[in-house]
Number of protein chains: 2
Amino acid sequence: MSDLIIWTYDWVPKGPRGFVRDLRLRWACEEAGLAYSVRTVPFDGRETNHLAQQPFGQIPFLSDGDLEMFESGAGLLHLARKAESLMPRDPAGEAQTVQWTIAALNSIEMVTVPWWFLEVTGAENNGLSDWAKSRLGQLEKVLSEREWLVADRFTVADLLMADVLRVAKLRSYGDRPASEAYVARMTDRPAFKKARADQLAHFAAADRSR
Amino acid sequence: MSDLIIWTYDWVPKGPRGFVRDLRLRWACEEAGLAYSVRTVPFDGRETNHLAQQPFGQIPFLSDGDLEMFESGAGLLHLARKAESLMPRDPAGEAQTVQWTIAALNSIEMVTVPWWFLEVTGAENNGLSDWAKSRLGQLEKVLSEREWLVADRFTVADLLMADVLRVAKLRSYGDRPASEAYVARMTDRPAFKKARADQLAHFAAADRSR
């Protein structure tokens, strides 16, 4: 068994399958050729049953031998330090990979996830729509000028940004052709496809034993 | 002149003074005893006038010699690699510092900033209130059991979490005594006080020349 363990739920409803964030860590390991196993905590009672591992009751978290960490972004940066295929080793490449990884979390997802949260609870054109559209417009400009976010090559920042955009249901925000092409390119990568298929199979197997 | 340059606006209105995010980088440099200078981009026209440095039109960004990076979280992690006073050097201490830095940005600020944004635009008890209260309740539990987030000592994760909670106007969310005491402890640190005083002086000087 590998030292790397990706922790996820034992089961989730059909809706989020293919989007559960263990996919980010699976995808990174697949890109880097890092061996890993997947273990689970119960979905039922998730609010309180694994707070020692994840104080907000979420998944994924990552074990690497004695190390354990939550936050998918932190897990991605940890994996990136293990594999040059996920992050360049020169100071500028590393700084920009960290920068764009955090931008995906704190400049894009910080707007798109609450916007989505309000939308699914009923407010179609809610108070965050203009903010979300503005941020995605600024990102569209960046993605219209380059193929990758950092150093003219794939990094963990692309992995995360593409996943954030994918989850945000990009098309809801209007016509963003460069961003859509970017997501299509990233999700066409074999490592993404394997990670997604493995996640779907994991939860489908749970259906059968449930 | 130091190689470290913190970039902020040349001026901001009175409301955000003391909360502008260059304070995070100033605070970290003060904690670590890192020499730095402060330079500015114009507040007027900020939406478009420095997109080459910050594609979302925000500040701060950080220069370190030839390196340049935006996202205050990325700047903090960069400074933390330069100074052990900001982050332990053992793998577990480093992993947990990165984890809690990202938790401050992606588990707390991702909820509190959009909540605040909706509140200031008029929706007092808006669709994000329950989510914000839940997250802050989970964090309250963590902070009621420990003095520091990581390794029983101050790290850049405490700096960022305290700033996120401070900006979120913690008291709005109900009675969270451990979180309030935590913010009070962190903002009582001389490095915070100097960073805040320097920011207030910077913008006050801009008033006089405006």
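Which residue forms a salt bridge with A:E109, and how far apart are the closest N and O atoms?

Modeller: The partner is A:R24, and the closest N and O atoms are 3.0 Å apart. A salt bridge here is a side-chain nitrogen of Lys or Arg within 4 Å of a carboxyl oxygen of Asp or Glu. The pair links distant parts of the chain: A:E109 is in helix α3 (residues 91-120) of chain A and A:R24 is in helix α1 (residues 22-32) of chain A, 85 residues apart. Helices (H or I, at least four residues) and strands (E, at least two) are DSSP runs, numbered from the N terminus.

A word on the ground rules. This is a predicted model, where local features need pLDDT of at least 70 and side-chain atom pairs count only at pLDDT 80 or more, while totals for chains, interfaces and linings use all residues. Residues are numbered from 1 along each chain as its sequence is written, chains are lettered from A and ligands numbered from 1 in the order in which they are written, and side-chain values use heavy atoms, with hydrogens and water left out.

Back to the pair. A:E109 has a relative accessible area of 1%, so A:E109 is buried. A:R24 is buried too, at 0%. Buried means under 20% relative accessible area, exposed over 50%, and partly exposed in between (1.4 Å probe, protein chains only).

Now take another pair, A:K194 and A:D198. Their side chains meet in a salt bridge (2.6 Å, N to O). A:K194 counts as partly exposed at 41% relative accessibility. A:D198 is partly exposed at 25%. Both lie in helix α7 (residues 190-209) of chain A, 4 residues apart, about one turn of the helix. Elsewhere, salt bridges that share partners join A:R21, A:R24, A:E109, A:D163 and A:R166 into one network.

Some salt bridges cross between chains. The rule finds 2 across the interface of chain B and chain A. One joins A:R81 and B:E94 (3.9 Å, N to O). Another joins B:R81 and A:E94, with the closest N and O atoms 3.9 Å apart. B:R81 lies in helix α2 of chain B and A:E94 in helix α3 of chain A, so this pair joins two chains. B:R81 is partly exposed at 29% relative accessibility, whereas A:E94 is buried at 19%.

Over all chains, the count comes to 32 salt bridges.
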